[in-house]
Amino acid sequence: MALLNVENLSAGYEQVTVLREVSLKVEAGEAVAILGPNGAGKSTLLRCISGLVAPTSGSIVFDGHDLTKVEAHAIPHLRLIQVPEARHIFAGLSVTENLLVGGTPLASRSERMERLEEIWRYFPALRQKSGAAAGTLSGGQQQMVAIGRALMAKPRMVMLDEPSLGLAPLVVRELYGTLRTLVDEGLTLLVVEQDVSMALKIVDRALVLETGVFVLSGSASELRHNDHVKQVYLGI
Ligand SMILES: Nc1ncnc2c1ncn2[C@@H]1O[C@H](COP(=O)(O)OP(=O)(O)OP(=O)(O)O)[C@@H](O)[C@H]1O
Ligand SMILES: [Mg+2]
């Protein structure tokens, strides 16, 4: 059985339906991207999985747990974490303090310090800034803090909503390189991304969401060569 299994999920806001019976499977160890235009419902889908939006129908099962019956605050304890937007890091706390906050589900201080060493390995630029207030970092480094904080809890799966937003191309490439390393080491990744060309370089599979339904899905290389994707999302 897939690690994440979303079936016939419908959701929206008050009388507006955003997602219309969408189904999605993510296998353990896979990197999957959700692509699509503004307003398609990509963030709404992640919010449903994170427990922030209640579906009107359908099911979401993660690692055997029915997420529609789990409170949002308890979902990270299942080791499924949505990386918050970088602007939600603690600007006045140091980089190290921000990361340690993410490690609170780990049992002991020594385990947290060990995990911190692993985070430095993924994001060497952060180690150099470990004592600096997170608010003084560049946008790319703040994004690394947000991701690093999520990784501190040793999640099985992380979800990111447009991690490239507002970052320079070189920084985005570095960030995605690190995400791919994490996946190669066993992490499962679900990423919503508008930088379609970048996302398709590192994910295994992708799905295209348009007005609340998946209109296309396939391997990254299938989608890179798909005419609709080329015309609408890659501009070639
Ligand atoms: N809190 C909300 N209340 C009411 N409507 C909302 C709310 N959040 C989003 N919507 C609407 O739901 C639809 C889907 O929004 P969503 O944010 O899921 O799209 P998206 O695919 O993430 O778009 P973007 O690429 O702009 O981030 C849009 O029409 C949006 O206006
Ligand atoms: Mg969005």
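Buried here means under 20% relative accessible area, and the model shown in these views is predicted.

**View 1. Q142 in helix α5.** Q142 belongs to α5, the helix formed by residues 139-151. Its relative accessible area is 17%, so Q142 is classed as buried under the 20% cut-off. A polar atom of the Q142 side chain lies 3.4 Å from the backbone oxygen of G135. G135 is also one of the residues that Q142 touches, when residues up to four places away in sequence are not counted.

**View 2. T211 in the loop between β9 and β10.** Strand β9 comprises residues 205-210 and strand β10 comprises residues 213-219, with T211 in the loop between them. The phi of T211 is about 35 degrees, a positive value although the residue is not a glycine. T211 has a relative accessibility of 62% and is therefore exposed, given the cut-off of over 50%.

Notes:
Residues are numbered from 1 along each chain as its sequence is written. Chains are lettered from A and ligands numbered from 1 in the order in which they are written. This is a predicted model: local features need pLDDT of at least 70, side-chain atom pairs count only at pLDDT 80 or more; totals for chains, interfaces and linings use all residues. Side-chain values use heavy atoms; hydrogens and water are left out. Helices (H or I, at least four residues) and strands (E, at least two) are DSSP runs, numbered from the N terminus. Buried means under 20% relative accessible area, exposed over 50%, partly exposed in between (1.4 Å probe, protein chains only). A polar contact is a pair of N or O atoms within 3.5 Å; within protein, one must be able to donate a hydrogen and the other to accept it, and residues adjacent in sequence count only if both atoms are side-chain atoms. Contact means heavy atoms within 4.5 Å.
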